[in-house]
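The sequence and the structure are shown first, and the description follows.

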Amino acid sequence: MSINVVLYQPEIPANTGNIARTCAGTGVKLHLIRPLGFSTDDKMLKRAGLDYWEHVDITYYDGLDEFFAAHPSGEYYLITKFGAKPHTTFDFSDSEKDHFFIFGRETKGLPREFIDAHPDRALRIPMNDNIRSLNLSNTAAILIYEALRQQNYPNLH
Ligand SMILES: C[S@@+](CC[C@H](N)C(=O)[O-])C[C@H]1O[C@@H](n2cnc3c(N)ncnc32)[C@H](O)[C@@H]1O
């Protein structure tokens, strides 16, 4: 039914703005879990998302508990470099399901206990050891387009 990006306590407005722009251009829903490291009036956020905010389906939550209470069913994926399996080994092709990709904070990632509680749902985007991690907005774009590719780019041309 939908592809969803969930940002856990995002800190850098330009990253969230970039992700919002990709969501606007693909019909993917965006969920932001507070606290946010910026004001939603932040000019870096607006600049990165530019004129596209009106096209973004965006929902705010006060914590992970509130998010899961609002979405009691769905396919959840924890996007983390600590995931045991690459993102491409997961099947996102069923467009009748709600797929939720949950990304961590720019500085600290997802809470370790959250990852440890769902190891089978944790997925990694392959990279080498030259960097500590990929940029958050790049990882969101990678997951969004992998899911869209598996669903044959619904409503896109
Ligand atoms: C800048 S990274 C956070 C780095 C943090 N020090 C950590 O240990 O996770 C921000 C987010 O981008 C995503 N990310 C970055 N690199 C990733 C990778 N190779 N595989 C999966 N997710 C990644 C994760 O969602 C991560 O929480």
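## Overall fold

Along the sequence, the protein runs through the pattern β-α-β-α-β-α-β-β-β-α-β-α, where helices (H or I, at least four residues) and strands (E, at least two) are DSSP runs numbered from the N terminus. The radius of gyration, taken over C-alpha atoms, is 15 Å, close to the 15 Å given by the globule rule for 157 residues, so the protein is as compact as a globular protein of that length. That rule is 2.2 Å times the number of residues to the power 0.38.

The model is predicted: local features need pLDDT of at least 70, side-chain atom pairs count only at pLDDT 80 or more, and totals for chains, interfaces and linings use all residues. Residues are numbered from 1 along each chain as its sequence is written.

## Burial and contacts

Of the 157 residues, 32% count as buried. A residue is buried if 20 or more other C-beta atoms lie within 10 Å of its own, exposed if 12 or fewer, and partly exposed in between, with C-beta atoms placed from the backbone. Two residues are in contact if their C-beta atoms, placed in that way, lie within 7 Å. Among contacts between residues at least 6 apart in sequence, 85% join residues at least 24 apart.

Ile102 belongs to strand β6 (residues 98–103) and counts as buried, with 24 C-beta neighbours inside 10 Å. Beyond its neighbours within four places in sequence, Ile102 is in contact with residues including Val6, Tyr8 and Leu110. The C-alpha atoms of Ile102 and Tyr77 are separated by 6.0 Å, although these residues are 25 apart along the chain.

## Annotated binding site

An unreviewed UniProt entry lists Ile79, Gly104, Ile125 and Ser133 under "binding site". These residues span 55 residues in sequence, yet no two of their C-alpha atoms are more than 13.5 Å apart, so they gather at one spot. UniProt annotations may be inferred rather than shown by experiment; the positions follow the numbering used here, and feature names are shortened.

Ile79 is placed in strand β4 (residues 75–79) and is buried, with 26 other C-beta atoms within 10 Å. Ile125 lies in the loop between β7 (122–124) and α5 (136–150) and counts as partly exposed, with 18 C-beta neighbours inside 10 Å. Setting aside residues within four places in sequence, Ile125 is in contact with His87, Leu134, Thr139 and Ile142.
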